[in-house]
Amino acid sequence: MKPVLETRDLQMIYHVGKVDVPALRGVNISVGAGEYVAIMGPSGCGKSTLLHVIGGMLQPTTGRVEIDGEDLTTMTDAQRTDLRRRKIGFVFQRFNLFPTLSAEGNLKLAERIYSNSKNGGDAARRHEVLKLLKLENKMKHKPLELSGGEQQRVAIARAIVNRPAILLADEPTGNLDSENSTIVLEMLRGLNKEFGQTIVMITHNPEAAALADRIIEMRDGLVVS
Amino acid sequence: MDNLIVENIKQRPLRTAISVVGVALGVILIVLMVGLARGMVRDSAERQGNVDAEIRFLPTEISSAAAANPLMMPARFAEVIMNGVQPTAEDPDLQAKPPIAGVSATTPVGEFIQNSESGIGFEYVDGIDFPSFSKTTRITMVAGRPLTDGKAPDSAYEVIVDRYYFDNNKDVNRQPLQLGSKIKTLGHEFSVVGVYEPSMLARIKMPLHTMQQLLGGAENCTFIMIRTTQPALAKSVKEALESNYPGYHAYLTSEIPALFSQGIRPLEIFLDVVIWLAVVISTLVILLAMYTTIIERTREIGILKSLGASKTFVVMTIEKEAALISALGVLFGFVVSVVGKYALEASTRLKIDIEPRWVLIATVVGIGCGLLGALYPALRAANLDVVEAISYE
């Protein structure tokens, strides 16, 4: 299986005053196209740092990260931003929707960013995604008019509307009750199964991780299994 | 409208309103102040140009005392210029002066500047000798009667006014002017006894004698208007006047517009100051508003960047918001300026010219300053660290 994500000896050291705090100590992972991988580990083990590095939001201290064949670590900040725009979708624990925009408006904004403001997006794709996530009746609703589960589904819809090579989810059910967590996790599973969406998900929840194809365990900045 | 920029503006209506008013203030400053200055100068120049007399004769040096009493020139010069003068038995020391050839009429004019009765701006009042003034200029009475010499007690406090003044002003009882109405000028009430056309020099004219009595400048005037027998003689008359009357200068009426232009130079400096003030106000208002916006929306900027928005996209989003606020400010500023123009013109004798050129300048200043003011906050937003921004509480 062709890897969509590959890291080699990835290290990340934060400099806090005069103290160096290693967050990643040589992480090697590979995620194939269409795989659904969960990353688990205790707080402070480096999961979020790893996700931020994979997502091009942080530059690692050493090592390599390849997304769909492109090496993030040799790129400038602008190039990493561009790669994120083209190939990565993000889902956050806190949903991170624009509160002033409707569900559809949030998707349109992502499309505008994707197309560099050159077009108004693909309405058919937008509707397809919203329908897939059972949000077709919520298109005109603003985030505050939606439940937590619905907001997270809108966030997922926004993340995949531009067909990213990889979807990175940071504790996507961390702010949801169990019922909504189940719905969101089933939808992620469905996206992976039906559309072959590659997903890397950070979670503390063993039940959420159990739905993934593979679980990567981290501890103290290293992959332990 | 599902648009991030519009929704952002709607989300904080008070801040948007303050920003709009800030930009509008700059626009109003430019449009109204420039319009007022231009309007007053144009109006004055037009009224100076309506005088047919070819020459204005006045002292070379205008002393600071002239501000308090502008009647510093002997009014009898008007007679002397026409007929000349020789020493007499009563006054053997009198310096002989020949009559100036080519002069057909002369008239002494007293001109006083006072605060406008409305309290806004200032206005001129002329003191004239109507018989000689009517021979020297093309003044025509269109209603009522001409001024008398003002020497009889019952005719001292009479004025004639031009048509514009008559149609646009109120008397001391706040009633529309009619013949016989009382208006207040030089601290006294005067009866309006006539209306003249065309507008020339000051709109209000009283007997020169009355002005002399009120200002303590007995037998004096501010300048003398001189009409020549033929316009072609104006230059030679001017030279003869200046050689026979040292310390006095003769201006050709045709030179007056150029003299006004010279007088406008300090005004241009003042207008430049007004424009820069508008620039500073508009820029600062938008800078502060957008800076606050950026701090408030740090997290949203982080989300934009996490979605792959480039620095250019972030900068353009903020600049577009500033441009929209500025455009609203410019529009609001124009509305207030136009309303202000009509309100001021209706309640005062001020003239305000809203010229397309200055409307364009105000638009450029308003929107340009908005974009400039938003640039620093926009660049700061574009350079935010995405991980820190997205974690911002």
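A salt bridge is a side-chain nitrogen of Lys or Arg within 4 Å of a carboxyl oxygen of Asp or Glu. In this predicted model, the count between chain B and chain A is 1 salt bridge. Glu7(B) and Lys142(A) form a salt bridge, with their closest N and O atoms 3.2 Å apart. On the side of chain B that touches chain A, the elements giving two or more residues are helix H1 (4-11), helix H10 (298-306), helix H11 (311-347) and helix H13 (386-390) of chain B. The largest share of that side, 6 residues, is supplied by H10(B).

The contact as a whole draws 25 residues from chain A and 23 residues from chain B. About 2,200 Å² of area is buried between the two chains, and carbon and sulfur atoms give 61% of this area. Across the interface, 4 residue pairs are found in polar contact, both residues being at pLDDT 80 or more.

Within chain B, Val27(B) belongs to helix H2 (residues 13-49). Val27(B) is classed as buried because its relative accessible area is 1%, where buried means under 20%. Leaving aside residues up to four places away in sequence, Val27(B) touches Val330(B), Gly333(B), Phe334(B), Ser337(B) and Ala362(B). Val27(B) and Ser282(B), although 255 residues apart in sequence, are separated by 8.6 Å in space, C-alpha to C-alpha.

In chain A, Val19(A) lies in strand E2 (residues 19-27). Val19(A) counts as exposed because its relative accessibility is 51%, and the cut-off for exposed is over 50%. Together with Val16(A) and Val21(A), Val19(A) makes a nonpolar surface patch of about 240 Å².

Key:
Residues are numbered from 1 along each chain as its sequence is written. Chains are lettered from A and ligands numbered from 1 in the order in which they are written. This is a predicted model: local features need pLDDT of at least 70, side-chain atom pairs count only at pLDDT 80 or more; totals for chains, interfaces and linings use all residues. Side-chain values use heavy atoms; hydrogens and water are left out. Helices (H or I, at least four residues) and strands (E, at least two) are DSSP runs, numbered from the N terminus. Buried means under 20% relative accessible area, exposed over 50%, partly exposed in between (1.4 Å probe, protein chains only). Contact means heavy atoms within 4.5 Å. Patches are made of residues with over 30% relative accessible area and no salt bridge: like charges are joined within 9 Å, nonpolar side chains (Val, Leu, Ile, Met, Phe, Trp, Tyr) within 5 Å. Accessible areas come from the Shrake-Rupley method with a 1.4 Å probe; for residues, only the protein chains shown count as cover. Buried area is the accessible area (1.4 Å probe) that two parts lose on being put together, summed over both. A polar contact is a pair of N or O atoms within 3.5 Å; within protein, one must be able to donate a hydrogen and the other to accept it, and residues adjacent in sequence count only if both atoms are side-chain atoms.
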